[in-house]
Amino acid sequence: MAATIVEMTLTEDLMSLYRVDSQLRGLRTRVENASDLVALRKRKFEKLTAEHVEIATRFRQLQAQLANLEGESTDYKIRIEKLRSELNASTNDKQYRAILTEMKSLEALRDEIETTELGEMEKIETTQVETTSMAESVANQSRMCDAARAEHAECAAAVAERVEELERERAMAAGRVPEKILSVFEEVAEINDGEALASVIELSKKDRDYTCGACHVTLPYHLVVNLHSSGTDLQQCPNCNRILHLETEEAEAEV
Ligand SMILES: [Zn+2]
């Protein structure tokens with residue numbers, strides 16, 4: 001009889017530890033999720049910023065290239081104009097033809113440069129549109145980062161008090177559980193996302209058919225017998241390692 005009372009108390013203690021532990025985990029997860037969102041948005045912001053720098057650099061390079069081309073074509077124009085005066089001043093046919101040939105070849109080169117200029121101008125226009133749109137994306141992402149940071153700060157502030165309270169409660173609840181059992185609880189909670197406990201489900205008393213309430217594996221009957229008889233020994237599910245407990249009226253009422 002005494003064993004039963006101890007066993008129930010231990011189950012109850014584990015249950016209250018479990019309840020406060022999952023509340024704490026829930027709150028911490030909320031803050032962690034908010035913090036993950038900040039990191040995620042920051043990474044995207046950095047990626048967009050790098051892309052913007054790249055395209056803005058390309059835009060400036062294209063502008064410089066165009067300025068060079070414009071300079072070159074002006075040079076050609078000046079040389080062509082000079083040749084034209086020479087042509088007008090030419091005194092013989094041979095000289096005239098020679099100047100004319102040179103002029104034609106310079107004009108062909110000038111035309112080539114002007115065609116290249118037009119191509120470059122098109123590229124500049126496209127790049128300018130891309131640069132502007134990328135700058136907008138960066139600004140937008142920066143606002144998203146600010147929003148996520150504000151949300152994270154808000155969330156952390158909102159739960160801070162409750163977390164402190166729960167930490168105290170958890171310490172008290174943990175203090176009621178024997179050290180050895182507590183370390184099993186911590187270990188099992190860690191591998192099962194906080195779900196350290198599982199109830200035994202009775203499918204058929206007659207067939208001695210019992211399963212783990214969490215992972216639904218069939219439990220060896222001796223585990224169930226041990227749970228009924230032993231007061232302080234923990235019984236763990238052989239599959240998921242969760243600490244098993246019997247469904248008691250008290251436990252059910254509390255859950
Ligand atoms: Zn299990």
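How far apart do the C-alpha centres of domain 1 and domain 2 lie? I found them 60 Å apart. The bounds, which come from an automatic or database domain assignment, are 21-175 for domain 1 and 179-254 for domain 2.

**Ground rules.** I am working with a predicted model, in which local features need pLDDT of at least 70 and side-chain atom pairs count only at pLDDT 80 or more, while totals for chains, interfaces and linings use all residues. My residue numbers start from 1 along each chain as its sequence is written.

**Elements.** I counted five helices and three strands in the chain. Read from the N terminus, they run α-α-α-β-β-α-β-α. These are DSSP runs numbered from the N terminus, with helices being H or I of at least four residues and strands being E of at least two.

**Overall shape.** Along the principal axes, the C-alpha atoms fill a box of roughly 135 × 45 × 25 Å.

**Burial and contacts.** I call a residue buried if 20 or more other C-beta atoms lie within 10 Å of its own, exposed if 12 or fewer, and partly exposed in between, with C-beta atoms placed from the backbone. Buried residues are 11% of the 255 in the chain. For contacts, I need two C-beta atoms, placed from the backbone, within 7 Å. Among contacts with a separation of 6 or more, 72% join residues 24 or more positions apart.

**Helix H2.** I followed H2 over residues 93-175, which is 83 residues. From first C-alpha to last, H2 reaches 115 Å, close to the 123 Å expected at 1.5 Å a residue; that expected span is 1.5 Å times one less than the number of residues. Where is the kink in H2 centred? I found it on Ala 160, at about 40 degrees, the bend being the angle between axes fitted to the seven residues ending at a residue and the seven starting there. The buried residues of H2 are Cys 145, His 152, Leu 166 and Ala 173.

**Thr 127.** I stopped at this residue of H2. Thr 127 is partly exposed because 18 other C-beta atoms lie within 10 Å. Leaving out residues up to four places away in sequence, Thr 127 touches Ile 55, Arg 58, Phe 59 and Leu 62. Its C-alpha is 9.6 Å from that of Arg 60, 67 residues away along the chain.

**Largest nonpolar core.** My set is buried Ala, Val, Leu, Ile, Met, Phe, Trp, Tyr and Cys residues joined through C-beta atoms within 7 Å. The largest core has 20 residues, and those touching the most other members include Leu 14, Tyr 18, Phe 185 and Leu 197. Helices H1 (2-89), H2 and H3 (179-191) and strands E1 (197-204), E2 and E3 each give two or more residues to this core. H1 gives the most, with six. I checked Leu 197 separately: beyond four places in sequence, its contacts are Leu 14, Met 15, Tyr 18, Arg 242, Ile 243 and His 245.

**Positive phi.** Which loop holds His 216? I placed His 216 between strand E2 (209-212) and helix H4 (221-229), with phi near 65 degrees. Asn 241, not a glycine, has phi of about 70 degrees and sits in the loop between H4 and strand E3 (243-245). Asn 241 counts as partly exposed because it has 18 C-beta neighbours inside 10 Å.
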